[in-house]
Amino acid sequence: MTKKIFYRDMDLDPGFIFRIQKCPLTHDYFVHSHDFSELVVILEGSAVHIIEGREYPVSAGQVFLIHEDVAHGYRDVNNIQYINVMFHRDQLLQLSELKCLSGFQALFYIEPFYRKEMNFKGMLSLGPEQLAKVSGMLDAILEEEERKEEGYRLMIRTCFSALMATLSRYYSANSGGEENKALRIGEAVTFIEEHFLEPITLDQLAEAAYLSKRQFCRVFARNYQTTPIDYIIRRRLDYSCTLLRDDGVTIQQAAMESGFSDQNYYARQFKKVFRCTPTEYRERQKLLHS
């Protein structure tokens, strides 16, 4: 039976689930899972990584993400030196600017769930100069966590976001372009992030991902736990919330400017997601900020 590691047992703060470690791995490590995400950067050495019952070799320069409830471990460990970052993705991966990077969508959302189909060919491998830069960024985060000076959590969030952007760029540059299925799907998701206020069809998204509509919907739902259309609707609703906070914008204007041509449909979708009407949401925001 696979052992599961919980963030509570590691004394991590529920409001800021984060820990970074730089250490050697001197022996095989048992297969386990956890209720947080884990970013691993191999600095030196080699091993066989066991993940979801399959094995593949890892060595210096490889970067991979293990999401919650995914079983993994190591065998045939040979002088491994690595940096391990434990975090909760809902707390640290929600910047809209990150979501507009196709490499980010591919590396942190799609590749971890698509790696079996890609036979692990979508993993990120850094060159020596890239690894040196990433290692330096991780050292800065490690120093912030160790010192815990005033504002250290803000600094960690900022530095971690910069690290994610850097890794996303490297993924786009290093990972084979059109040959990389995860990156192609990431480009389709990025298209949504950049154009969700405009009319978008499944045909457009499937074509961008080089997949049939059925394949695209299946892969999308598995990785984002929703359909492409519902994802677009949610992005529009979230955007409308920012408009509703402005008393000078009418409900109809908020609907239209958020990509909804039918105000009644907008109101129904809004209540379905937020359990209140747009008008009630606006009143609640007034009370919160009065």
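User: Which strand holds Val 63?

Analyst: Val 63 sits in strand S6, residues 62-66. Helices (H or I, at least four residues) and strands (E, at least two) are DSSP runs, numbered from the N terminus. You are looking at a predicted model, where local features need pLDDT of at least 70, side-chain atom pairs count only at pLDDT 80 or more, and totals for chains, interfaces and linings use all residues. Residues are numbered from 1 along each chain as its sequence is written, and side-chain values use heavy atoms, with hydrogens and water left out.

User: Why is Val 63 called buried?

Analyst: Buried means under 20% relative accessible area, exposed means over 50%, and partly exposed lies in between (1.4 Å probe, protein chains only). Val 63 has 1% relative accessibility, so Val 63 counts as buried.

User: What does Val 63 touch, leaving out residues up to four places away in sequence?

Analyst: A contact means heavy atoms within 4.5 Å. By that rule Val 63 touches Leu 39, Val 40, Val 41, Met 123, Leu 124, Leu 126 and Leu 167.

User: Where does Met 123 lie, and why does Met 123 count as buried?

Analyst: Met 123 belongs to the loop between H3 and strand S8 (124-125). Its relative accessibility is 9%, so Met 123 counts as buried. With residues up to four places away in sequence set aside, Met 123 touches Tyr 56, Gln 62, Val 63, Phe 64, Glu 111, Arg 115 and Tyr 171.

User: Which residues touch the most other members of the largest nonpolar core?

Analyst: A nonpolar core is a set of buried Ala, Val, Leu, Ile, Met, Phe, Trp, Tyr and Cys residues joined through side-chain atoms within 4.5 Å. The largest one has 55 residues, and Phe 18, Leu 39, Phe 108, Phe 160, Leu 163 and Leu 167 touch the most other members. Helix H5 (residues 152-174) gives the largest share of this core, eight residues. Apart from it lies another core, of 15 residues, including Leu 25, Tyr 56, Phe 64 and Tyr 74.

User: What is Phe 18 in contact with, beyond its neighbours within four places in sequence?

Analyst: Phe 18 contacts Leu 12, Val 85, Met 86, Phe 87, Leu 92, Ile 141, Glu 145, Ile 156 and Phe 160.

User: Which residues of helix H12 are buried, and how do you know where on the helix they lie?

Analyst: In H12 (residues 278-288), the buried ones are Pro 278, Tyr 281, Arg 282 and Gln 285. Looking down the axis of H12, the buried residues fall within an arc of 100 degrees, so they line one face of the helix. That arc is taken from the directions from the helix axis to the C-beta atoms. An α-helix has 3.6 residues a turn, so residues three or four places apart point the same way. The cover over the buried residues of H12 includes H9, helix H10 (251-257) and helix H11 (263-274).

User: What classes of residue make up the lining of the second largest pocket?

Analyst: Ala, Val, Leu, Ile, Met, Phe, Trp, Tyr, Cys and Pro count as nonpolar, Asp, Glu, Lys and Arg as charged, and the others, Gly among them, as polar. By those classes, the lining of the second largest pocket has nine nonpolar, six polar and one charged residue. S7 gives the most to that lining, with four residues.

User: And which classes line the largest pocket?

Analyst: Its lining has three nonpolar, five polar and seven charged residues. H9 supplies the largest share of this lining, four residues.
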